[in-house]
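Subject: Handing over the structure, with notes on its spaces and a few residues

Dear colleague,

I am passing on to you the structure that follows, together with some notes. Please keep it open while you read, so that you can look up each place as it comes.

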Amino acid sequence: MINMKKIYILLILLISLSSFAAEDNKKLGNKPMTIGAGDVTGLYYSVGGTICRIINQNIKNLGIRCAVDYSNGSSENLENLYSNKNNFAILQSDTLHDAYNGSGPYANKAPNKSLRSIFSLYQEALTIVARANTGIAKFEDIKGKRIAIAVDGSGSKTLVEKLFAFYGLGKKDFASISEIDLSSQPEALCNSKIDAMIINVGHPNGAVREASISCDIAILQLDEKTISNFIASNPSYTKATIKGGTYPGNPSDITTLGVSAILTTTDDMDSDIIYKITKAVLGDFDHLKALDPVFYSLDTKYMVNNYKLEPMHDGAAKYFKEAGLLSTDLKQ
């Protein structure tokens, strides 16, 4: 005969154990956070994955778990941050600057003063890759050609549009302008469907490498006057260099425009969480470099002090001050 008292005690025990398990799971990271990154073939996605890996390795201390969200890039990441789909976004510094100030492509929107940087990741360079037999030797030569740019939602497209406006170029000045996913651009270039691809990426980049080994290419250099004049009217941009020898057929350094990739959030993110995440990611920099080669040439002082046009999150600033990494010109 079934002992109802024993069954009742067993049920109480199971409920209690379930409650304890739920509480443990909550402590171990049932509070999810997501990083808006980029195309799965690009550096944004790779770097976002590296940050999440470190966070998930420290799940007991941080009390959160982390996942990377695929996107078309900076502009889409920003919109997903606004809508609370993601807690963090990897943004180009120009996207962050324009959104914070209500300028550029965000001139028709109110400035978003809630945006906060956490740290810089690496520099991205405007990269103009032309097939060698097209007669394109300098930027001005792309006029009248078939070009590919990034798709909507990408900060890369925003930079290209600003550069075209700076040169006074519009759609009528090209045989065609195609918006093509980055992973598909090398095939289009080397199969003569387009003459040049214009992208904004960190280096080394898989798509540029694919193009360089699939056909003869030239990576174009911008002249110093163009670079300095553009930066003078667009302070979130910098001069960038693509190191010679990074790709076959391009032995010399290439000077161009650049932006910084910035890990970004908003001011309502809990300061203690940001402090712990920042400490976990940058507190053991050798471990970070071992996880992703994009960090090989960087140091923590660069990542902290490279970009200061917009305010840094209080939680990040707290850790950097404790670690002696923060210079005194921090914007508040």
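Predicted model: local features only at pLDDT ≥ 70, side-chain atom pairs only at ≥ 80, totals over all residues.

Residues are numbered from 1 along each chain as its sequence is written, and side-chain values use heavy atoms, with hydrogens and water left out.

Pockets

Rolling a probe the size of a water molecule over the atoms shows where empty space is left. Here the search runs on a 1 Å grid over the protein atoms alone: a cavity is a set of points where a 1.4 Å probe fits but cannot get out, a pocket is an open set with protein on both sides within 12 Å along at least five of seven lines, and lining residues have an atom within 4 Å of a point. Grid points are joined across faces, edges and corners, and a volume is the space filled by probe spheres set on the points.

The largest pocket has a volume of about 460 Å³, and of the 21 residues that line it, Gln-123, His-203, Pro-204, Thr-241 and Ser-297 are the closest to its centre. The elements that give two or more residues to this lining are β4 (115-131) and β9 (238-242), and the largest share, four residues, comes from β4. Helices (H or I, at least four residues) and strands (E, at least two) are DSSP runs, numbered from the N terminus. By class, the lining of the largest pocket has twelve nonpolar, six polar and three charged residues, where Ala, Val, Leu, Ile, Met, Phe, Trp, Tyr, Cys and Pro count as nonpolar, Asp, Glu, Lys and Arg as charged, and the others, Gly among them, as polar. The largest pocket lies between domain 1 (33-123 + 260-323) and domain 2 (124-258), because both give residues to its lining; the domain bounds come from an automatic or database domain assignment.

Two of the residues closest to the centre of that pocket, His-203 and Pro-204, are joined by a cis peptide bond with omega of about 5 degrees. Pro-204 is found in the loop between β7 and α8 (206-214).

The second largest pocket holds about 160 Å³ of space, and α6 gives the most to its lining, with three residues. Four nonpolar, one polar and four charged residues make up the lining of this second pocket.

Cavities

How many cavities of 30 Å³ or more does a search of the whole structure find? The search finds two. The largest cavity has a volume of about 360 Å³, and among the 26 residues that line it, those closest to its centre are Asn-72, Ser-154, Leu-182, Asn-200 and Val-201. Its lining has ten nonpolar, 13 polar and three charged residues, and it draws at least three residues from each of domain 1 and domain 2.

The second largest cavity has a volume of about 30 Å³, and β4 gives the most to its lining, with four residues. That lining has seven nonpolar, two polar and no charged residues.

Helix α2 (residues 43-57) has 15 residues and reaches 21 Å from its first C-alpha to its last, close to the 21 Å expected at 1.5 Å a residue, the expected span being 1.5 Å times one less than the number of residues. Its buried residues include Leu-43, Tyr-44 and Val-47, where buried means under 20% relative accessible area, exposed over 50%, and partly exposed in between (1.4 Å probe, protein chains only).

Thr-95, in helix α5 (residues 93-101), is buried because its relative accessible area is 2%.

Most residues other than glycine have a negative phi, and most peptide bonds are trans. Asn-84, however, has a positive phi of about 70 degrees although it is not a glycine, and it is exposed, with a relative accessible area of 64%. Phi of Ser-192 is also positive, near 60 degrees, and Ser-192 counts as partly exposed at 36% relative accessibility.

With best wishes
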